[in-house]
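Here is a short briefing on a two-chain model. Please keep the sequence and the structure open as you read.

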Amino acid sequence: MAAVGDTLPKLLMANAQRYGHRRTAIREKEYGIWQAYSWAQYLEQVKDLALGLARLGFQRDDKLAIIGDNRPQLYWALVAAEALGGMPVPIYQDAIATEVQYVIDHSDARVVLAEDQEQVDKVLEIRDKLPKVEYVIYDDPKGMRHYSFPFLLSFAQVQEQGRIFGQSHPGYVEEAVHEGQGEDLAIINYTSGTTGVPKGVMLTHRNLIATAESYLQVDLLSARDEIMAYLPMAWIGDTFFSVVLSFLTGAAVNCPEDTATVRQDFREIGPTMTFAPPRIWENLLSQVQVKIGDAGVLQRTLCKMFLSVGMQAATQRMEGKPGSLGLRLLTQLGEWLVYGPLRDQLGLRRLRAATTGGAAIGPEVIQFFRAIGVNLKQLYGMTECSAPATVQRDNAVKLDSTGPCIPEVEVKISDSGEVLLRGPGLFVGYYKAPEATNIAFTDGWLATGDAGFLDPDGHLVIIDRVKDVSHLIEGSVFAPQYIENRLKFSSYIKEAVAVGHARPYVVAMINIDLEIVGHWAEKRDIPYSSYADLAQKPEVYGLILQEIQRVNASLNAPLRIKQFVILHKELDPDDAEITRTRKLRRRFVYDKYQEIIDAMYAEGVPEVKVRATVTYEDGRTSEIGRSLKISAVGDGGA
Amino acid sequence: MVFCCNGPPSKSERTHIMLGNGRHPQLQVQDIHIGFGGLRALQGVSVDVHEGEIVAIIGPNGAGKTTLLNAISGVHHPSQGRILLDGQDRTFIPPSRVATLGIARTFQNVALFRGMSVLDNIMVGRHCHMRAGVLSAGFFWGLAQREEIRHRATVERIIDFLEINHLRKASAGTLPYGLQKRVELGRALAAEPKLLLLDEPMAGMNLEEKEDMARFILDVNDEWGTTIMLIEHDMGVVMDISHSIVVLDHGEKIAEGTPDDVRTDPVVVRAYLGEDTEGKRGG
């Protein structure tokens, strides 16, 4: 499909002309009802806001910081900034004030759009440290009655003033849009980065549109499709699906009512295409498992039986075999009795294709969803290449690969085993960080920092971050993430940290999954008061020990985990231990938990005392002291 | 100002006149007496509440706090004294008519319809505003349908306000206690009251739930200017959110005034917080 415009605002204008009021562009559930906006209304809203911004002095190349949950108003703002030739800078809505401050200040944003009181408070708290910000706009007026600052304006107010401004400046926005070109910057996405400060990835309209066009050759979308916009707006994955793909194809975007209602909203909309990080699929699977466990005998037996049938069928399909007649008949029966109703409950019934990426996903998660008839595929990509680079094709899904490249994108493996990418989506550079930009490119190829290889079918397999791959003392290659992923595939383990660099053997620190392990404990009448309490229960240690032994069985002898502790707290982005997209900030975590790691290597130490600083949601910190048991993993039982 | 029964205004009444900017009190409780058999629950209590105020009633157990709220909401009728709402005598209104006069309340023990959804529970609060007849409502046609849509919109606004969107369809009985209290507040708000009576809205809550509830109470007062009378034992909350405080003990009003006045009043400290006054502020 050839794009009808080389910038996102041009695509929007074309859609408004083509679909007018006949098709829905974006919906939001508010006051219990899905409120729909047509393409014509979408454009109207964007124009009013753009005029309002222009009246506030927002010009070409200016930046608009956007912070909040997925709301149509926030998407309008994103496009409005682009319409004027400026750039939106979306920020993670759960970022703490200091992170917000860094991004707003570093990006030179002149205007900040904050969704609601919570976000406005965050901005006001750091207001003194944001000398470049001239205006703060808020969308949701709830609780804002007594806020009166000259620089604080409501979204409605800005649009209202925009309409007045528009009367004296007819054609203002249209002209600005026409001046825009594909090579203009479309967005600056700050990647949370596993090392150092966040970096602002600059992407052009052409980057985004060309990548989306390539992607559409693999997974076709149309104006009849429904997408759910529920991933953080600051993540390129959301921009890619909820803005770029939607604009290119006319697919409707649906914003949930609230973060707590996503599951219900999902079911009400029944999206036809969805992208979700592994975490979400894993959660869905765990919840299904818990529900099945709690169900009556008949349902439980039926589910168990047909899920194993489905797994068999899915495995055969993945291997390209048609399967025996008996299996096919059973699968059809399963579709009526189990798979269909299950997909319906999960809101996945209308799903044509589902993709996952951003982290490794457990093979049994993929198998489960494919067994119940969800076309779940892995993709690989990163912000620096405008989201997707490789994606699995329908009917050519492998459990461990991320699939072959999308058209126009090339991948090769460097001599050091690093994955290199080339294609139309390669970013322009990091904002105000030319050195980092230079490091990212080698001879026109993007150095992803990921270690991986291409399998015989040309599918990309990712192993770990290049800089994390190291050696044990005795020489074995140690890829911590590979081991951690194996651990995290267990539904009881939420996060894992493997240590082994220049050490005699491998040890691990574990975060249990509070929900699943909590449920497990309740079933066994094990009382617990909190995460920290549950984590130190001997029974829980026993449970995790079994999981580790299972993982050990699949690892080469030198790489087997010898000791482990279950941490007293969950790794948290607010403590800078993982990024907002839940990637481990390895160096930081190694340093922070040095004492625990050392204790694990000091043979025969039964427990380790820790004093940890915990950051609460409101930013306060406090110290807690605990002692953690160290458990050895014997060779037996594996 | 009319102080027909009590002669010249007392000191506390003067404070109130100042607080209310000289406006007529919205609610006047004048010298009411209520007894249950030999127990004299209220003995000559007078309270003035001005529009837009948050008034807390405090006092030890058995002081007559709930009885006072019950008298205002028509559950109990005083044997003596008068209750005036907007200057009109409402002493003997039956509880069934209270809501139509713009008074709504919540209860000490949560009183929700456990089997009904959160949405329906709050919708019940709209009952006093529903006008459709049996026929129209029976066929859900004409007025009844239009009305339902209008009421649903109001209820949805309250659901949004109280941040319970995700619980809209959940059955009320399955919710944790703190949320049930919130739903109950929602039902009271649905009546769009001028005067909201809250009987221990934070009892049995943890700190976080209390903070949430305190914020909602302040927001209700702020957003809609609703006058609020509440009974609460948590002194921290009471001192933080109320404009004025009425202290009852053994059915009598022993003090009244701003949180600062009450906090330092030796009579209150002795009666309510105990004899040991050194640096104690209750809690």
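Asp108(A) follows helix H4 of chain A and has a positive phi, near 60°. Helices (H or I, at least four residues) and strands (E, at least two) are DSSP runs, numbered from the N terminus. The model is predicted: local features need pLDDT of at least 70, side-chain atom pairs count only at pLDDT 80 or more, and totals for chains, interfaces and linings use all residues. Residues are numbered from 1 along each chain as its sequence is written, while chains are lettered from A and ligands numbered from 1 in the order in which they are written.

**Helix H4 of chain A**

- H4(A) covers residues 97-106, and its buried residues are Glu99(A), Val100(A), Val103(A), Ile104(A) and His106(A).
- Buried means that 20 or more other C-beta atoms lie within 10 Å of the residue's own; 12 or fewer means exposed, and in between is partly exposed, with C-beta atoms placed from the backbone.
- An α-helix has 3.6 residues a turn, so residues three or four places apart point the same way.
- The packing partners of the buried H4(A) residues include strands E3 (63-67), E4 (87-91) and E5 (111-114).
- Helix H5 (117-125) and strands E8 and E9 of chain A are also among these partners.

**Domains of chain A**

- Chain A is assigned domain 1 (8-205), domain 2 (278-465) and domain 3 (469-632); such bounds come from an automatic or database domain assignment.
- The centres of domains 1 and 2, taken over C-alpha atoms, are 32 Å apart.
- Twelve residues of domain 1 are in contact with eleven of domain 2; contact means C-beta atoms, placed from the backbone, within 7 Å.
- On the domain 1 side, strands E8 (185-191) and E9 (199-204) are the elements that give two or more residues.
- E9(A) provides the largest share of that side, six residues.
- By class, this side of domain 1 has five nonpolar, six polar and one charged residues.
- Ala, Val, Leu, Ile, Met, Phe, Trp, Tyr, Cys and Pro count as nonpolar, Asp, Glu, Lys and Arg as charged, and the others, Gly among them, as polar.

- Chain B has eleven helices and ten strands.
- Of its 283 residues, 40% count as buried.
- Among contacts in chain B with a separation of 6 or more, 67% join residues 24 or more positions apart.
- Ten residues from chain B and eight from chain A form the contact.
- On the chain B side, helices H6 (143-161) and H8 (207-224) are the elements that give two or more residues.
- H6(B) gives the most, with four residues.
- This side of chain B has one nonpolar, two polar and seven charged residues.

Terms used:
Contact = placed C-beta atoms within 7 Å.
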